[in-house]
Amino acid sequence: MKKLNNILANVALLSTESIPEWSVKGIEFDSRQVQKGDVFVAIKGTQVDGHQFISSALEKGALAIVGEHKPTDFPEGATWIGVNNSAYAMAQMASAFYDHPS
């Protein structure tokens with residue numbers, strides 16, 4: 001497992017808040033695949049906007065949500081990590097999570 005703050009080290013964040021040092025089990029962009037301990041990355045696709053599934057990801061145990069725009073009904077106490085480009089942020093996060101394979 002990797003620490004959340006290490007996974008996000010090379011990601012351009014919109015917020016300057018400190019990132020928790022939680023252990024992350026995985027990174028998911030499909031809310032149906034989220035398991036307890038994962039980070040959910042909300043990516044806006046051509047057909048569906050992943051931001052619509054943030055609540056589902058949190059219900060399944062996502063530690064944190066990475067996204068481009070924070071929903072107005074985002075739960076108090078949940079961890080939001082704002083980025084300019086979710087897809088690019090996920091690529092950077094995955095690279096760090098898997099020890100920079102390329």
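Arg-32 forms a salt bridge with Asp-30, and their closest N and O atoms are 3.0 Å apart; the term salt bridge is used here for a side-chain nitrogen of Lys or Arg within 4 Å of a carboxyl oxygen of Asp or Glu. This is a predicted model, in which local features need pLDDT of at least 70 and side-chain atom pairs count only at pLDDT 80 or more, while totals for chains, interfaces and linings use all residues. Residues are numbered from 1 along each chain as its sequence is written, and side-chain values use heavy atoms, with hydrogens and water left out.

Arg-32 counts as exposed, at 64% relative accessibility, where exposed means over 50% relative accessible area, buried under 20% and partly exposed in between (1.4 Å probe, protein chains only). By the salt-bridge rule the count comes to two, and the side chains of Asp-99 and Lys-2 meet in a salt bridge at 2.3 Å, N to O. That pair links distant parts of the chain, 97 residues apart, with Asp-99 in the segment after helix 3 (86-97) and Lys-2 in strand 1 (residues 2-3); helices (H or I, at least four residues) and strands (E, at least two) are DSSP runs, numbered from the N terminus. Asp-99 is exposed, with a relative accessible area of 52%, whereas Lys-2 is partly exposed, at 24%.

A polar atom of the side chain of Asp-38 does, however, lie 3.1 Å from the backbone nitrogen of Gly-26.

From strand 4 the reader can move on to its neighbour, for three bridges join strand 4 to strand 5, and the two run parallel; strands pair if DSSP finds at least two bridges between them. The chain crosses from strand 4 through helix 2 (residues 54-59) to strand 5, and this β-α-β crossover is right-handed, a term that applies if, with the strands pointing away from the viewer, the path from the first strand over the helix to the second runs clockwise. Within strand 5 (residues 64-67), Ala-64 and Val-66 point one way and Ile-65 and Gly-67 the other way, and all are buried. Val-66 is the bridge partner of Val-41, while Ala-64 has Thr-79 in strand 6 as its bridge partner.

Notes:
Polar contact = N/O pair within 3.5 Å; in protein donor to acceptor, adjacent residues only side chain to side chain.
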